[in-house]
Amino acid sequence: MTVDVVLANLSNVGVYSAMTAYAGALAAFATDLSGLGRAARAHAPAASTLEPALAGSSRDQATRSGGGSDGPDHAGAGAVGTPRRAASIAVALTWLAFALHAGAVVLRGVSAQRVPWGNMYEFAISGAVVVTGVFLALLVRRDLRYLGTFVIGPVLLTLGLAVAVLYTESAQLVPALQSYWLVIHVSVAFVASALLTIGFSATVLQLVQQRREQARAAGRPPLRGRFMDALPRSAELERAGYRLVAIAFPLWTFTLVAGAIWAEKAWGRYWGWDPKEVWTFVIWVVYAAYLHARATRGWDGRRAAYLSLAGYACVLVNFLVVNVFFSGQHSYAGIG
Amino acid sequence: MRPRGQSTPSTLPDLGRLGLARYGWRQLTSMRTALFLLLLLAVAAVPGSVLPQRGIDPSVVSQYLDDHTTTGPWLDRLGFFDVYASPWFSAIYLLLFVSLVGCVLPRTKVHLEAVRARPPRTPARLDRLPVHRRAEVDADADALLAGARRVLRSRRYRADRRDDGSVAAERGYLRETGNLVFHLSLVGLLVAVAVGGLFGYRGEILVTVGNGFSNVLANYDSFDPGTEFAAEDLPPFRFTLDSLDVRFETQATGNQFGAPRDFAADLTVFDDADAEPRQEVLRVNEPLAVGPAHVYLSGNGYAPVLTVRDGNGDMALSGPVTFLPRDANYTSLGVVKVADAAPEQIGIQGLLLPTAVVDPERGPISVFPDATDPKLFFTAFVGDLGLDDGVPQSVFRLDTDDMTQLTTDDGDVFSAVIAPGETIDLPDGAGSVTFERLERFAALDVRADPAKNWALVFAVLAMVGLVASLFVPRRRVWVRVQAVAGDGGAPRTVVDVAGLARGDDPGLVDEVENVLSRLQDSADGDAGGAR
Ligand code: HEM
């Protein structure tokens with residue numbers, strides 16, 4: 001079998017085009033967020049008291065003083081119902097970027113007549129397209145557009161990393177990867193990682209929001225990051241983060257089990273504490289701890305959230321550090 | 001999260017009364033401890049991915065110890081080169097599993113009781129529950145209660161009519177069942193892993209193309225049995241390695257050039273002494289099953305076929321010698337121990353390069369893994385190989401303590417380069433070396449794990465249990481009716497529907513509203529029918 005160089009080059013063009021569209025989408029999402037922030041402040045009196053000039057509304061100035069409990073409770077409330085043109089543009093651009101991106105990934109696979117995840121570059125572009133795909137799928141059912149900046153940002157970053165650092169020529173697979181388990185194991189890992197990525201964004205926002213709420217409650221209204229006023233309250237973000245992890249966790253469990261079955265086929269043992277296996281296991285254990293923490297009395301949403309962040313840090317280590325720097329049987333990075 | 005409403009019976013047994021003696025046990029089996037031990041387990045697993053491990057690559061561990069003479073021995077003493085068998089790692093996971101069993105068994109008992117018990121009685125104040133809806137309906141209270149029971153049962157609730165004019169219902173017992181199955185399956189998995197380790201074995205062999213292997217202990221290059229393994233457990237198979245087809249990337253450039261593309265070993269297998277031969281192809285992801293064991297293709301390399309004549313001119317060695325590849329281009333190292341050479345034994349240290357290039361800076365290196373221009377670079381020693389000292393030696397290491405390195409007439413160290421078909425005389429009439437041809441060898445792993453299917457069963461059970469535990473909604477719904485005075489003596493009833501869920505349940509509000517609207521519909525339907 002030979003590699004179709006024309007298709008491989010076309011795939012590269014696709015990745016660059018997708019990055020352009022993502023950049024546009026990111027700008028639009030950010031604009032939407034800042035617009036929402038303004039709207040939220042205009043409607044949430046407690047906030048506008050504090051920055052009358054910036055909020056552009058002095059209607060309620062005299063009626064409240066900072067520290068009232070209403071303000072923080074209504075974060076985001078003001079935005080509901082107002083049409084959000086920037087957000088619509090952002091979503092449309094995201095769909096366009098997704099189409100280009102997915103096309104590029106498919107072409108990459110077709111060029112070598114195999115699944116497009118055989119080395120780090122391909123893991124990165126395929127993983128990123130799944131993140132966008134999962135995000136768009138979630139958007140169909142729920143208005144999570146406020147998360148757009150925090151999802152498309154990382155996707156764009158990943159693609160940048162892929163083309164700048166990880167790029168590898170399209171080629172056939174090494175024998176160890178020539179198995180249908182590559183399709184099963186890695187694709188489920190992608191979906192799980194995508195959900196964890198979006199969950200991570202929600203959790204970061206939750207913690208930021210929580211600080212703002214606490215600061216408000218203590219009478220020290222936050223001065224920066226006004227776009228946060230457009231986002232749901234921290235409790236809502238906490239639930240969103242939990243649900244994403246709750247879906248990702250069984251998928252990650254499946255990834256672990258499928259990987260063990262594959263390892264048994266390829267190497268004769270289902271578990272060998274290879275660095276990649278160790279980190280897949282560590283991720284699993286940390287998220288199990290997170291699920292436990294949420295169910296443990298005396299653990300509030302914030303402490304559990306830190307575990308979720310730790311879990312995602314392990315996901316990043318697993319992809320970026322283990323693949324590149326640790327030698328083991330899973331050394332397919334194809335870089336360096 | 002466990003429901004916290006005042007009406008909720010505690011799902012944990014009240015251990016408080018059992019006194020101080022059980023304090024420690026209670027601590028160990030608390031959620032908090034489980035959480036702590038899980039985190040500890042994650043942290044403890046990390047060093048094994050950073051430091052080299054004996055179980056994976058003992059030679060790298062030795063190298064590390066040589067390079068780090070101060071920290072190395074300490075890390076070694078603390079078990080850091082064998083993390084997953086170290087006392088501290090074992091202690092953590094054993095404690096975790098003790099905690100798990102101590103936590104899950106009482107829960108199982110509670111759950112079994114709950115499954116048989118009636119749904120919990122209706123709380124006095126439904127409006128205090130997380131979800132509560134109220135409506136007035138033109139229907140008779142008694143008929144509504146019957147309707148409520150029907151509606152809830154059709155939604156797979158276990159519904160129970162109470163004497164206080166209410167219906168109590170609960171569904172989703174599968175959630176807790178799944179949780180218990182998940183946790184208990186983890187115990188099963190751990191046991192299966194342990195049993196596999198005790199009764200299984202793993203051996204490595206290097207077989208040169210054209211040679212064979214028969215499955216007895218003595219033929220293994222290395223063998224690692226579980227403590228309960230017995231040599232009779234080895235299935236009596238044998239095979240010959242007919243050919244080994246190897247393909248490398250020649251098209252793509254950059255770092256993909258020379259990457260392996262296909263390894264296939266053709267074997268003729270005899271399952272036992274009387275069996276008919278069968279032809280098999282062994283590939284990396286396609287192991288060979290022979291009886292309870294599996295044979296895996298774990299690697300390959302080159303084995304130059306050499307003929308060595310000694311100082312007396314006699315043939316002292318003839319055959320393939322395996323050279324271990326050191327890098328992706330199969331730069332391979334090996335030694336030849338010519339024990340039968342006389343008057344003195346001969347030792348050869350060699351570097352085999354399948355596609356040899358002499359780099360001005362790095363010296364001789366291989367630039368492609370396939371044998372397009374193979375060369376053997378070697379130096380030679382004469383003296384005593386030390387094979388009779390009774391100390392076991394590695395076949396890949398030359399003990400040169402009692403040997404002298406051959407030198408040229410100028411006094412330089414003798415080193416030679418030789419290609420297939422060539423012969424080179426050693427200095428001082430020590431003999432000669434002929435590189436007959438280049439063969440390949442296959443590195444094969446033979447393994448058996450009698451419990452691996454059990455491990456799979458428990459892993460699948462755990463996954464099924466987990467999904468049930470996370471996604472089956474566990475809900476309690478109560479319906480209370482109260483007759484009020486309607487106009488014109490027509491029956492009129494206030495209906496309260498309230499719901500409580502275990503854990504995160506985004507659908508609870510819909511559920512309660514649905515039950516209520518079904519009730520209203522059925523009341524309307526009844527009213528319509530009576531008209
Ligand atoms: C091998 C170690 C363990 C692992 C990997 C593990 C994993 C998990 C996971 C993933 C869940 C989430 C499922 C759900 O929310 O329903 C869970 C729930 C739970 N685990 Fe564990 N667990 C372990 C040990 C323990 C131990 C030692 C205890 C007892 C102290 C325990 C008690 C619980 C309880 C009570 C829940 C249910 C939480 C709820 O009500 O939502 N687990 N466990």
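The paragraphs below go from the interface to a pair of helices and then to the backbone.

This is a predicted model, in which local features need pLDDT of at least 70 and side-chain atom pairs count only at pLDDT 80 or more, while totals for chains, interfaces and linings use all residues. Residues are numbered from 1 along each chain as its sequence is written, chains are lettered from A in the order in which they are written, and side-chain values use heavy atoms, with hydrogens and water left out.

At the interface, 61 residues of chain A are in contact with 52 residues of chain B, contact meaning heavy atoms within 4.5 Å. The rule finds 1 salt bridge across this interface (a side-chain nitrogen of Lys or Arg within 4 Å of a carboxyl oxygen of Asp or Glu). A:Glu264 forms a salt bridge with B:Lys452, and their closest N and O atoms are 2.5 Å apart.

Within chain B, the axes of helix H6 (residues 87–116) and helix H8 (residues 173–199) come within 10 Å and cross at roughly 150 degrees; the axes are lines fitted to C-alpha atoms over the stretch in contact, with angles running from 0 to 180 degrees between N-to-C directions. Helices here are DSSP runs of H or I with at least four residues, and strands are runs of E with at least two, numbered from the N terminus. The crossing makes H6(B) roughly antiparallel to H8(B), a term for angles over 145 degrees. Among the residues making the contact are B:Phe97 and B:Leu100 of H6(B) and B:Leu180 and B:His183 of H8(B).

The backbone also deserves a look. A cis peptide bond, with omega about 0 degrees, joins B:Ala342 and B:Pro343, and B:Pro343 lies in the loop between strands E14 (332–338) and E15 (345–353) of chain B.

Note on methods. Parallel < 35°, antiparallel > 145°, perpendicular 65-115°, else oblique.
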